[in-house]
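Thanks for coming, everyone. Let's take a brisk look at salt bridges and cavities in one protein model.

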Amino acid sequence: ILSVTDPRGRKRYLAAAFPSACGKTNLAMMTPALPGWRVQCVGDDIAWMKFDDEGRLRAINPERGFFGVAPGTSEKTNPAAMATIRSNTIFTNVGLTSDGGVYWEGMGQAPPPGVTVTSWLGQPWKPGDPEPCAHPNSRFCVPAGQCPIMDPAWEDPEGVPIDAIIFGGRRPKGVPLVLEAFGWRHGVFLGSAMRSEATAAAEHSGRRLMHDPFAMRPFFGYNAGRYLSHWLALGEGGGASRRLPKIFHVNWFLTDQSGAFAWPGFGHNARVLAWICGRLDGLDSAEATPVGLLPRRGSLDVAGVGVAHDDVFPLRKEFWEREARELRDYFQDNFGPDLPAEVMEELRGLEERVKKM
């Protein structure tokens, strides 16, 4: 859960669901690369949500602290996190330095001269060794109150009003940087259709593409089909007074032909949040495509980034034909008769739209 404040002082609260090690903490503690924009953190993991008496969806962070993945966390990727863990922090399975510090891959700085490092396995380690210094799923555990950009309402028992829900995952190919759902039901479908490259933070290793509905695959506590039905019911109950958040899907991890990331990510993801906030304000900045509402050319601020529109908004018929086919197989094999009919209808709608591409 995070708040985004635009240069005019308008604050919006957003909730996001990504699989582990896909950027939740970096998003929640973002330092925007867009001048005048500000992000503050309510929480980087769990959100408990319910509708209030006025029909607003509100969310609280039920956790007291952060349990973040250490590798890749640096002053470049997440300066707020680095400031948070400077003291009073428990680290697990990271490297230890002889001067009493910690070390992990992607920290952004080499150990100082004369300082030796012991790996998470208790063995001497130096840069260039074949084995990693820190376990890929090594963690930091720290009180949230130490974060310098906590939102003033982060402990409000009433929760914060959620204006948008964002799904996302690691998709190197095919899935655009950002898209908006056509409506609540289509948004639930987008959540059910989430796929992501497996990371060390999940129980699988390597680059296997995993289905991960709502980023909840490791955590479903009851029938997953009924879980989807519950989300669908949220959009149907409450009458006209219920103010449903818009639903979006993001993909920070598109790669080019060389395998390099096509999007700079991190603070530049504020450019995507700015477009989302514009949509919440009613800006006519999207166009309908077979897969959802995508930013119109020129509506996403990429000044100085050096990214072409087509590089981050691919729309290829062959990819989406395969995606729909594999999704149908996944639904049949894993949900069977428990899959809500509305979700299957959304899949059929996607298949029909893709046919016409």
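Start with a term: buried means under 20% relative accessible area, exposed means over 50%, and partly exposed is in between, using a 1.4 Å probe and protein chains only. Now the ground rules. This is a predicted model, where local features need pLDDT of at least 70, side-chain atom pairs count only at pLDDT 80 or more, and totals for chains, interfaces and linings use all residues. Residues are numbered from 1 along each chain as its sequence is written, and side-chain values use heavy atoms, with hydrogens and water left out.

Salt bridges next. A salt bridge is a side-chain nitrogen of Lys or Arg within 4 Å of a carboxyl oxygen of Asp or Glu. The count here is 23.

Helices (H or I, at least four residues) and strands (E, at least two) are DSSP runs, numbered from the N terminus.

Look at Glu180 and Lys246. Their closest N and O atoms are 3.1 Å apart, a salt bridge. Glu180 sits in strand 14 and Lys246 in strand 17, so the pair ties together parts 66 residues apart in sequence. Buried or exposed: what is Glu180? It is buried, at 3% relative accessibility. Lys246 is partly exposed, at 32%.

Now Arg12 and Asp281. Their side chains meet in a salt bridge, 2.5 Å from N to O. Arg12 is in strand 2, Asp281 is in the loop between helix 5 and strand 18, and they are 269 residues apart. Arg12 is buried, at 9%. Asp281 is partly exposed, at 32%. Both belong to one network of salt bridges with shared partners, along with Asp6, Arg8, Arg10, Arg56 and Asp163.

On to cavities. On a 1 Å grid over the protein atoms alone, a cavity is a set of points where a 1.4 Å probe fits but cannot get out; lining residues have an atom within 4 Å of a point. Grid points join across faces, edges and corners, and a volume is the space filled by probe spheres set on the points.

How many cavities of 30 Å³ or more are there? There are 2.

Helix 1 gives the largest share of its lining, 3 residues.

Methods
On a 1 Å grid over the protein atoms alone, a cavity is a set of points where a 1.4 Å probe fits but cannot get out, and a pocket is an open set with protein on both sides within 12 Å along at least five of seven lines; lining residues have an atom within 4 Å of a point.
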